[in-house]
Amino acid sequence: MPSTRRQAIAAAVALGAACATGLARADSYPSKPITLVVAYPAGGDTDALARLFAEKLSARVGQPVVVDNRPGASGIIGSAHVSKAQPDGYTLLLSPSTFSIAQLVLKTGGASSYDVLNGFTPIVQTGSQPLFLVASGASGMASAKDLVAAAKGGKPLTYASPGSGSPMHILGEMFNRAAGVNLAHVPYKGVAPAVNDVLGGHVPATFITLGPVAPHLANGKMLPLAVASRERSALAPKVPTLQELGYKDVEVTAWNGLWGPRNLPPETVKTLNAHFNEILKMPDVVSRMAVLGTTPVGGGADVLGKTNAADFERFGKVIKDIGIQAD
């Protein structure tokens with residue numbers, strides 16, 4: 001056999017082996033534990049969702065999925081950590097929609113900065129969450145009208161949120177403007193401590209997702225005053241919308257989604273997206289998400305990317321218009 005022919009055959013065999021190795025590597029993902037970062041303390045709804053998803057994803061891929069809580073700066077610290085991770089699919093972020101807007105309010109830089117629109121790879125929008133105006137049962141306020149009347153009566157009132165730059169903070173300031181009141185914002189390091197202080201009577205009201213307050217609504221320790229969605233929520237159909245009550249254009253819906261660092265391989269995105277779309281259809285997942293005040297979304301990775309970009313643009317304008325700043 002001529003040497004040139006032998007060389008050609010050898011090259012073809014080598015190329016085939018290389019391709020096979022590449023496919024094996026792609027098909028073997030994941031081959032080690034996955035870390036799912038939550039940029040908030042344990043005990044909140046994002047943390048609860050992350051632990052639910054971690055359990056289901058682990059069962060599907062045969063590898064541990066470990067939830068890593070990295071709270072601070074309204075989620076910016078944990079998000080920045082993921083933005084700087086290797087884009088190999090082993091460090092992921094489950095974020096609420098605070099992800100889109102926190103940096104617009106907190107104005108951080110250096111190690112805590114990241115590019116909201118281009119610094120991450122969207123994988124899947126996991127859920128959508130209506131936001132509620134909720135009062136402490138001990139506050140004596142049974143309606144949004146009561147809250148506004150108390151604020152206009154000269155009584156200094158406050159509202160809690162899970163952090164500066166959160167959708168709840170933005171909603172609170174939109175409500176202030178629409179109602180002509182000045183409820184002072186009290187930011188917390190996550191949902192759980194905000195709810196605890198409302199329960200304790202330290203803050204009379206909060207803008208919040210339904211899941212963390214549902215048990216307290218059921219026993220009367222908290223009262224739902226309004227929902228900030230366009231239409232009434234199927235999760236609490238008796239609660240009026242803020243628009244029904246006359247507060248026009250006060251509409252904010254929260255969401256959560258799964259992200260990887262920038263330049264995550266398309267095959268890895270495809271694999272994770274497919275797993276999550278199946279997870280989000282599981283009856284026990286759907287029912288657990290409902291308890292947490294969340295409706296599954298799913299779909300392609302582009303759904304999350306478009307949702308993030310739309311919120312970044314819309315709330316960037318709101319923040320500038322109202323002059324919202326970190327407290």
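Helices α4 and α6 lie roughly perpendicular to each other (angles of 65 to 115 degrees). Their contact (heavy atoms within 4.5 Å) joins T98, I101 and V105 of α4 to P167, H169 and I170 of α6. By class, that contact has 4 nonpolar, 2 polar and no charged residues. Ala, Val, Leu, Ile, Met, Phe, Trp, Tyr, Cys and Pro count as nonpolar, Asp, Glu, Lys and Arg as charged, and the others, Gly among them, as polar.

This is a predicted model: local features need pLDDT of at least 70, side-chain atom pairs need 80 or more, and totals for chains, interfaces and linings use all residues. Residues are numbered from 1 along each chain as its sequence is written, and side-chain values use heavy atoms, without hydrogens or water.

Spaces come from a 1 Å grid over the protein atoms alone. A cavity is where a 1.4 Å probe fits but cannot get out; a pocket is open, with protein on both sides within 12 Å along at least five of seven lines; lining residues have an atom within 4 Å of a point.

| Space | Volume | Lining by class |
|---|---|---|
| Largest pocket | about 340 Å³ | 7 nonpolar, 7 polar, 3 charged |
| Largest cavity | about 200 Å³ | 12 nonpolar, 10 polar, 3 charged |
| Second largest cavity | about 40 Å³ | 5 nonpolar, 4 polar, no charged |

β4 gives the most to the lining of the largest pocket, with 4 residues. For the second largest cavity, strand β3 (residues 91–96) gives the most, with 3 residues. Among the residues lining that second cavity are Y40, L93 and F99.

How values were computed: Parallel < 35°, antiparallel > 145°, perpendicular 65-115°, else oblique. Helix = DSSP H or I, 4+ residues; strand = E, 2+ residues; numbered from the N terminus. Points joined across faces, edges and corners; volume = space filled by probe spheres on them.
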